[in-house]
Amino acid sequence: MEETKAIIEAIIFASESPLTVDKIREVLHEFDRSEISRLVQDLINEYEKRRGGFLLQEVAGGLHFRTRSDLSFWINKLMKAKQAMLTNAAMETLAVVAYKQPVVKSEIDRIRGVDVGSSLKGLLEKKLVRIMGRKDVPGKPIMYGTTKKFLEIFSLKDLSELPTLKEFKDLQDGTEALGTESRIPDNVEI
Amino acid sequence: MEYEVKLDIFEGPLDLLLYLIKKNEIDIYDIPIALIAEQYLQHIEMMKYLNLDVAGDYLLLASTLIYIKSKMLLPVEEGDAGETEDEPDPRAELVKQLLDYQVFKEAAAQLDQRPLLERDIFKRGLSAENGSAERGEDETDVEVSVFELVEAFYRIISSMKEPEFMEIDVEKLSLADRINEIMEGLAEKKTLTFVELLRDSSDKRMILYTFLAILELMKLRMIKVYQASSFGVIRVVLAAES
């Protein structure tokens with residue numbers, strides 16, 4: 001068992017992006033999911049207990065080695081050229097997309113009260129937002145949603161891990177009544 | 001001389017409105033429209049004065065505020081307390097919009113507080129030096145602008161030998177060829193200096209094509225151009241490498 005755990009540890013370490021349990025099973029097919037999950041949990045706990053420079057974390061549906069967030073100062077010292085983070089405007093647009101996906105642009109415009117064209121384009125370029133399809137209403141507007149990279153960047157296991165906002169639920173009912181596109185029935189006769 | 005000031009305080013008209021409501025400690029469900037509309041317009045004036053680009057969105061909300069204000073000034077017919085309830089508060093929709101926006105503004109702030117990859121948390125394999133293997137130790141990169149490139153271009157042109165007589169050249173050159181050559185050179189050597197790129201091109205046309213190719217590649221974000229200090233060596237690297 002210890003050896004199996006070591007194998008799991010090794011392949012997660014070697015993987016550049018988060019590794020799913022299913023992917024681990026492709027390598028260790030004689031084990032079932034629950035066994036692997038248990039060993040993975042063991043590993044997570046071990047790293048947690050050790051309190052070293054990095055942890056084994058669950059992000060974007062997979063497992064990944066990442067540094068402890070309180071050590072960022074030192075790593076940023078190493079990487080001199082700091083990455084440009086998102087502007088407030090982009091962050092707001094991203095928040096609307098993340099919580100309301102799939103969402104059309106006009107809805108984001110309405111919520112933010114500005115034309116979100118440029119910030120949406122920036123998010124698409126950064127691959128944080130993707131096109132999910134077209135809404136089945138007249139004009140067939142494009143619907144947007146977040147990507148796997150979004151989960152990776154924001155250290156989220158999945159979308160359900162997004163912090164819930166207190167007022168959000170109550171307000172959602174409110175917006176339903178306000179929303180325009182979503183009220184149009186699918187079978188409009190022309 | 002005009003100065004351009006960029007104030008990024010407000011993310012939009014709703015943000016400005018929220019700010020005014022907070023500043024005046026107003027109950028969001030009972031906004032004194034006249035007061036808020038006045039302050040809102042004052043802020044827009046100020047933004048114009050500062051030469052800020054007042055987007056149409058700001059003006060749209062201004063007109064909404066004035067519309068609501070005028071609506072609230074109109075006497076309610078019959079004046080009975082019972083009658084007024086039928087008439088919806090003209091502010092209702094705006095309030096809803098504001099509350100809606102506030103939720104997402106907070107959501108954005110919360111997202112920003114999460115441990116972000118490459119800001120708070122790092123994964124393995126980030127290149128600390130941005131592919132600077134062959135470079136001097138303390139050369140820090142400054143991304144150069146087109147202006148510096150133009151300057152360097154000018155220096156090379158002016159250091160050229162005496163102008164020769166023009167020859168009508170049969171050799172056909174295309175920008176696409178030169179782009180491909182540069183990309184191939186970069187794929188092989190990882191980094192090339194601006195001078196290196198122009199060295200083997202003695203005639204003006206070739207230099208021009210090289211220069212245009214570099215500008216085009218920069219525009220397409222296929223290469224990055226760095227300079228360590230002013231008048232320093234300009235280096236060209238593949239964008240994908242960094």
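**Helix packing, sheets and confidence**

Modeller: This is a predicted model. In chain B, helix α2 (residues 33-49) packs against helix α3 (residues 56-73) at an angle of about 155 degrees, and their axes are 9 Å apart. That angle makes α2(B) roughly antiparallel to α3(B).

Colleague: Is the crossing of α2(B) and α3(B) left-handed or right-handed?

Modeller: The crossing of α2(B) and α3(B) is left-handed. On the α2(B) side the contact is made by B:I33, B:A34, B:A37, B:Y40, B:L41, B:I44 and B:M47. On the α3(B) side the contributing residues include B:Y58, B:L59, B:L65, B:K69 and B:M72.

Colleague: How many residues of each class are in the contact of α2(B) with α3(B)?

Modeller: The contact of α2(B) with α3(B) has 15 nonpolar, no polar and 1 charged residues.

Colleague: And α1(B), at what angle does it cross α2(B)?

Modeller: Helix α1 (residues 13-23) of chain B crosses α2(B) at roughly 125 degrees, and the axes come within 10 Å. That makes α1(B) oblique to α2(B). The crossing of α1(B) and α2(B) is right-handed.

Colleague: Which residues meet there?

Modeller: From α1(B), B:P13, B:L16, B:L17, B:Y19, B:L20, B:I21 and B:K23 meet B:I36, B:Q39, B:Y40 and B:H43 of α2(B). By class, this contact of α1(B) with α2(B) has 8 nonpolar, 2 polar and 1 charged residues. B:Y40 is listed in this contact, and B:Y40 is also listed in the contact of α2(B) with α3(B).

Colleague: Over to chain A. How do α5(A) and α6(A) pack?

Modeller: Helix α5 (residues 88-100) and helix α6 (residues 105-112) of chain A pack at an angle of about 125 degrees, with axes 10 Å apart. That makes α5(A) oblique to α6(A). Their crossing is right-handed. The contact involves A:A89, A:E92, A:T93, A:V96, A:V97 and A:K100 of α5(A), together with A:E107, A:I108, A:I111 and A:R112 of α6(A). The class count for α5(A) with α6(A) is 5 nonpolar, 1 polar and 4 charged residues.

Colleague: What does α5(A) lie across?

Modeller: α5(A) lies across β3, β4 and β5 of chain A, and runs at about 95 degrees to β5(A). In chain A, 3 strands form an open sheet in the order β3-β5-β4, with antiparallel pairing. β3 (103-104) and β4 (129-134) stand at the edges with a single partner strand each, so one side of each has no neighbour in the sheet.

Colleague: Over how many bridges do β4(A) and β5(A) pair?

Modeller: β4(A) pairs with strand β5 (residues 142-146) of chain A over 5 bridges, in the antiparallel sense. Within that pairing, A:G145 in β5(A) is the bridge partner of A:R130.

Colleague: How about β1(A) and β2(A), how many bridges join them?

Modeller: 6 bridges join β1(A) to strand β2 (residues 62-67) of chain A, and the two run antiparallel. A:Q57 has A:H64 in β2(A) as its bridge partner. The hairpin of β1(A) and β2(A) has 2 residues between the strands, and A:A60 takes a positive phi near 45 degrees there.

Colleague: I also want the backbone exceptions. Where is the cis peptide bond?

Modeller: A cis peptide bond joins A:Q101 and A:P102, with omega about -10 degrees. A:P102 is in the loop between α5 and β3 of chain A. A:R51 is not a glycine, yet A:R51 has a positive phi of about 50 degrees. A:R51 is in the loop between α3 (33-50) and β1 (54-59) of chain A. Most residues other than glycine have a negative phi, and most peptide bonds are trans.

Colleague: Last topic, confidence. What is the mean pLDDT of chain A?

Modeller: Chain A has a mean pLDDT of 83, and 84% of its residues reach 70 or more. Over residues 168-190 of chain A the pLDDT is below 50, and this stretch has 22 contacts in the model beyond near neighbours in sequence.

Colleague: What are the ipTM and pTM?

Modeller: The model scores ipTM 0.75 and pTM 0.63.

How values were computed:
Residues numbered from 1 in each chain as written. Chains lettered and ligands numbered in written order. Predicted model: local features only at pLDDT ≥ 70, side-chain atom pairs only at ≥ 80, totals over all residues. Heavy atoms only, no water. Axes fitted to C-alpha atoms, helices over the stretch in contact; angles between N-to-C directions. Helix = DSSP H or I, 4+ residues; strand = E, 2+ residues; numbered from the N terminus. Parallel < 35°, antiparallel > 145°, perpendicular 65-115°, else oblique. Left-handed = near helix turned anticlockwise from the far one by under 90°. Contact = heavy atoms within 4.5 Å. Nonpolar A, V, L, I, M, F, W, Y, C, P; charged D, E, K, R; others polar. pLDDT = per-residue confidence, 0-100. Pairing = 2+ DSSP bridges.
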